[in-house]
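Welcome, and thanks for taking a look at this one with us. Please have the sequence and the model open side by side as you go through the points below.

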Amino acid sequence: MTMLKIDFSPQQLSLLRSDHAGELGAVNIYKGILWCARDPAVVAFANCHLEVESKHLASVESLLIPKHRSTFSPLWVVAGRALGLMAVVGGKTFLFSTIASVEEFVVEHYKQQLPFFLELFKTF
Ligand SMILES: [Fe+2]
């Protein structure tokens with residue numbers, strides 16, 4: 001994916017850095033699930049979400065050059081994988097509840113960022 005050259009403010013860069021961490025964690029939650037899930041419904045669910053989250057991650061990476069990404073990126077990989085594994089171990093209901101909670105958090109996270117990016121988007 002091509003890098004877009006946009007002059008983000010320090011605050012926008014900070015927000016994008018957190019977005020990158022979140023999308024990296026999300027990709028790895030589904031990879032963690034796929035490491036050990038055997039239930040076909042869970043595997044299909046995780047594969048579908050992994051595809052979507054991989055696109056989200058690629059989108060953020062097209063905006064945020066590597067030097068502006070989180071220095072803790074390896075931690076988000078490990079944490080995502082661990083959460084995916086724990087979700088599978090906890091059973092199907094726990095897994096879907098965990099994913100629902102994560103997604104609710106993500107929706108609020110992006111809603112809170114909207115005002116910081118709306119002005120920027122008007123310039124395109
Ligand atoms: Fe995402």
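Axes here are lines fitted to C-alpha atoms, for helices over the stretch in contact, and the angles between N-to-C directions run from 0 to 180 degrees. With that in hand, the axes of α1 and helix α3 (residues 73-89) come within 6 Å and cross at roughly 40°. Please keep in mind that this is a predicted model.

**Overall layout**

- The protein has four helices and zero strands, and its elements run α-α-α-α from the N terminus on.
- Taken along the principal axes, a box of roughly 45 × 25 × 20 Å is filled by the C-alpha atoms of the protein.
- Of its 124 residues, 22% count as buried.
- Among contacts with a separation of 6 or more, 79% come from residues 24 or more positions apart.

**Helix α2 on its own**

- Helix α2 covers residues 40-63, which is 24 residues.
- From its first C-alpha to its last, α2 reaches 35 Å, close to the 34 Å expected at 1.5 Å a residue.
- Which residues of α2 are buried? They are Ala46, Glu53 and Leu57.
- A handy reminder for reading such a list: an α-helix has 3.6 residues a turn, so residues three or four places apart point the same way.
- The buried residues of α2 pack against α1, which spans residues 10-36.

**α1 with α2**

- Two packed helices are described by the angle between their axes and the distance between the axes.
- For α1 and α2, the axes come within 8 Å and cross at roughly 155°.
- Because angles over 145 degrees count as roughly antiparallel, α1 is roughly antiparallel to α2.
- The crossing in which α1 passes α2 is left-handed.
- In the contact of α1 with α2, the residues divide into 14 nonpolar, five polar and five charged.

**α1 with α3**

- How do α1 and α3 lie, and at what angle do their axes cross? Their axes cross at roughly 40° and come within 6 Å.
- That angle makes α1 oblique to α3.
- Here α1 passes α3 in a right-handed crossing.
- The residues of this contact, α1 with α3, divide into 17 nonpolar, six polar and two charged.

**To take away**

Methods:
Residues numbered from 1 in each chain as written. Predicted model: local features only at pLDDT ≥ 70, side-chain atom pairs only at ≥ 80, totals over all residues. Helix = DSSP H or I, 4+ residues; strand = E, 2+ residues; numbered from the N terminus. Expected span 1.5 Å × (residues − 1). Buried ≥ 20, exposed ≤ 12 C-beta atoms within 10 Å, placed from the backbone. Contact = placed C-beta atoms within 7 Å. Parallel < 35°, antiparallel > 145°, perpendicular 65-115°, else oblique. Left-handed = near helix turned anticlockwise from the far one by under 90°. Nonpolar A, V, L, I, M, F, W, Y, C, P; charged D, E, K, R; others polar.
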